[in-house]
Amino acid sequence: MKLKELESHLSHVENFSNAKEYLEQYMTTPHLAARMIYTAQTQYDDIENHLLIDLGIGTGMLSIASCLLNADHIFGFDCDIDALNLCQSNIKEFELESNIDLIQADLRRIRLPVDLHRIIADTVIMNPPFGTKPFSSSTENQDELCLTGIDMHFLQYARQLARHSIYSLHKTSTRDHIYKKAKDWNMNMDVLAVLQFDIPKLEKKRSNRKTSTASNAPLKSIEVDFIRFEIKDNTDD
């Protein structure tokens, strides 16, 4: 399948209708998802016939792209039941029910290697929350606490769940910090591209309603690194 054809298929993935700002639910665009997964396959042979894990699966965009490029099977994790329901709907639309299993799990609360030790993938794919947007700790919903640093939590879990490689997006401004972490965790890190990620401005509703994304909401563009991490030694610390 050609890159443009893959992107065209992904344009049919349904986006969030009630995105949650505190979870940074910004859908990976078809353009970015197609480029990520196409690169992972055509340059590194990390998708076809491989077992994958998608951390923070959201709408299912990356997993669906991987299945279209013949991934063997995918386990998709997300903490939000609404996102998982949307993802299941997208999976059904693409007739991929037998290819993707969904698991509700909050990476802020899972202990590795105990909780997920039996699920090890060849490749981990993810577009984690950027983890740089603080939220008030006075919120009544404990799940809405500050997500600062959660991108590194995702990477740490990915490192323990992947046999070979990890593909992820991270803010370019955090590159030096991520290089240091990758070295500490015994991983090779290659920045494959610097991309523009458009973040919609989420509308604020009344306090008793969830935040939603308007179809005509203005976009804020930030630079993100598309990174491949290669696992050198996956022995538990």
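This is a predicted model: local features need pLDDT of at least 70, side-chain atom pairs count only at pLDDT 80 or more; totals for chains, interfaces and linings use all residues.
## The overall picture

The protein has six helices and seven strands. Read from the N terminus, these elements follow the order α-α-β-α-β-α-β-β-α-β-α-β-β. Of the 237 residues, 51% are buried. If you look at contacts with a separation of 6 or more, 74% of them join residues 24 or more positions apart.

Two packed helices are described by the angle between their axes and the distance between the axes.

| Helix pair | Crossing angle | Axis distance |
|---|---|---|
| α1 and α2 | roughly 135 degrees | within 9 Å |
| α1 and α3 | about 135 degrees | 10 Å |
| α2 and α3 | roughly 50 degrees | within 9 Å |

Let us take the pairs in turn. Helix α1 covers residues 3–10, and its axis crosses that of α2 at roughly 135 degrees. Because of that angle, α1 is oblique to α2. The crossing of this pair is right-handed. On the α1 side, the residues that meet α2 are L3, L6, E7 and L10, and their partners in α2 are P30, H31, A33, A34, R35 and Y38. Sorted by class, this contact has seven nonpolar residues, one polar and two charged.

Next comes α1 with α3, where the helices pack at about 135 degrees with axes 10 Å apart. The angle therefore makes α1 oblique to α3. Here too the crossing is right-handed. L6, H9 and L10 of α1 make the contact with M61, I64, A65 and L68 of α3. This contact is made up of six nonpolar residues and one polar residue, with no charged residues.

That leaves α2, residues 30–42, and α3, residues 61–68, whose axes cross at roughly 50 degrees. At this angle α2 is oblique to α3. α2 passes α3 in a right-handed crossing. From α2 the contact draws on P30, A33, M36 and I37, and from α3 on M61, L62, A65 and S66. By class, seven of these residues are nonpolar, one is polar and none is charged.

What does D46 touch beyond its neighbours up to four places away in sequence? D46 sits in the loop between α2 and β1, the strand at 51–55. With a relative accessible area of 7%, D46 is buried, because the cut-off for buried is under 20%. Its contacts are A40, Q41, L52, T123, S165, Y167 and R228. With one of these residues, S165, the side chain of D46 makes a side-chain polar contact at 3.1 Å.

S168 is found in strand β5, which runs over residues 162–171. Its relative accessibility is 0%, so S168 counts as buried. The side chain of S168 makes a polar contact with the side chain of H170, at 2.9 Å. Leaving aside residues within four places in sequence, S168 is in contact with M36, M126, P128, D225, F226, I227 and F229. M36 also belongs to the α2 side of the contact with α3.

## Two asparagines with positive phi

Which phi value does N70 have? Phi of N70 is near 70 degrees, a positive value in a residue other than glycine. N70 is placed in the loop between α3 and β2, a strand at 73–78. The relative accessible area of N70 is 44%, so this asparagine is partly exposed.

N186 also has a positive phi without being glycine, and the value is near 60 degrees. Its loop lies between α6 (175–184) and β6 (187–200). Is N186 buried, partly exposed or exposed? N186 is partly exposed, because its relative accessible area is 28%.

How values were computed. Residues are numbered from 1 along each chain as its sequence is written. Side-chain values use heavy atoms; hydrogens and water are left out. Axes are lines fitted to C-alpha atoms, for helices over the stretch in contact, and angles run from 0 to 180 degrees between N-to-C directions. Helices (H or I, at least four residues) and strands (E, at least two) are DSSP runs, numbered from the N terminus. Angles under 35 degrees count as roughly parallel, over 145 as roughly antiparallel, 65 to 115 as roughly perpendicular and the rest as oblique. A crossing is left-handed if the near helix is turned anticlockwise from the far one by less than a right angle, and right-handed if clockwise. Contact means heavy atoms within 4.5 Å. Ala, Val, Leu, Ile, Met, Phe, Trp, Tyr, Cys and Pro count as nonpolar, Asp, Glu, Lys and Arg as charged, and the others, Gly among them, as polar. Buried means under 20% relative accessible area, exposed over 50%, partly exposed in between (1.4 Å probe, protein chains only). A polar contact is a pair of N or O atoms within 3.5 Å; within protein, one must be able to donate a hydrogen and the other to accept it, and residues adjacent in sequence count only if both atoms are side-chain atoms.
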